[in-house]
Amino acid sequence: MAESGLANAESSACLQSDCNAQSENSAAGSGYAEIIVVRHGETEWNADGRIQGHLDVELNEVGRRQAAAVIKDSDLRERHLGELQGLVFRKAVKLEPKAYKAFLSHRTDQEIPGGGESLDQLYERCTSALQKIGNRHQGECVVVVTHGGVVRTLYERAVPSGNSPGKIGNTSVSVFHLSNEEDWLIKTWNDTSHLSETGFLENAFGGDGTSG
């Protein structure tokens with residue numbers, strides 16, 4: 001499933017060597033936690049252009065190739081998109097026009113009809129969750145697997161006056177350093193070089209303003 005959560009670096013097969021190498025070189029110092037944030041693998045709904053939100057959708061064959069067991073943390077779920085969840089994005093404007101308009105609103109406090117979250121609520125939820133993880137793992141390297149909308153929000157926390165984070169690829173890797181003083185630093189952003197030989201996920205839906 002496209003779950004959100006936390007995995008100890010030693011239990012993450014695809015990133016274990018990276019964390020071990022960094023640990024040996026003292027990259028993860030005692031003053032901060034190194035958190036490797038990975039967008040989940042592709043789901044059938046990503047491929048279909050369907051809005052997921054909080055709905056639990058199985059990974060497809062491509063997504064399962066990148067999947068690893070994680071500890072679930074509901075605060076790292078995708079944004080709740082209310083009445084839009086389950087709809088194909090291109091059809092949402094006709095099926096749920098009010099919810100669609102709310103989703104496109106530039107107001108960060110705009111909630112989406114049907115129990116959907118505002119951007120402010122998403123920001124508070126997921127940035128607080130990652131800071132708690134960072135506080136618990138100072139001097140360690142951990143892996144977080146989450147969703148495109150969450151990854152974009154974490155970028156906004158680390159680079160509040162920066163450029164748009166762009167499209168977040170499925171299984172893309174970003175590395176954050178979080179200190180006890182709540183200073184956030186991005187060391188690696190949206191790296192998909194490990195997919196260079198596959199080409200599977202270049203056109204996957206979500207990971208940008210349509211995340212869900």
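Guide: Strand β2 (residues 32-39) and strand β5 (residues 173-179) pair in the antiparallel sense over 7 bridges. Strands pair if DSSP finds at least two bridges between them. The model is predicted: local features need pLDDT of at least 70, side-chain atom pairs count only at pLDDT 80 or more, and totals for chains, interfaces and linings use all residues. Residues are numbered from 1 along each chain as its sequence is written, and side-chain values use heavy atoms, with hydrogens and water left out.

Visitor: Which residue of β5 is the bridge partner of Ile36?

Guide: Val175. β2 also runs parallel to strand β4 (residues 141-146), joined by 6 bridges; there Ile35 has Val142 as its bridge partner.

Visitor: How many residues of β2 are buried?

Guide: Buried means under 20% relative accessible area, exposed over 50%, partly exposed in between (1.4 Å probe, protein chains only). In β2, 7 of the 8 residues are buried. Glu44, found in helix α2 (residues 44-48), is partly exposed, at 43% relative accessible area.

Visitor: At what angle do the axes of helices α6 and α7 cross?

Guide: Axes are lines fitted to C-alpha atoms, for helices over the stretch in contact, and angles run from 0 to 180 degrees between N-to-C directions. Helix α6 (residues 119-136) and helix α7 (residues 148-158) have axes that come within 9 Å and cross at roughly 75°. That makes α6 roughly perpendicular to α7 (65 to 115 degrees).

Visitor: Which residues of α6 make the contact?

Guide: With contact meaning heavy atoms within 4.5 Å, α6 contributes Leu122, Tyr123, Cys126, Thr127, Leu130 and Gln131.

Conventions:
Helices (H or I, at least four residues) and strands (E, at least two) are DSSP runs, numbered from the N terminus. Angles under 35 degrees count as roughly parallel, over 145 as roughly antiparallel, 65 to 115 as roughly perpendicular and the rest as oblique.
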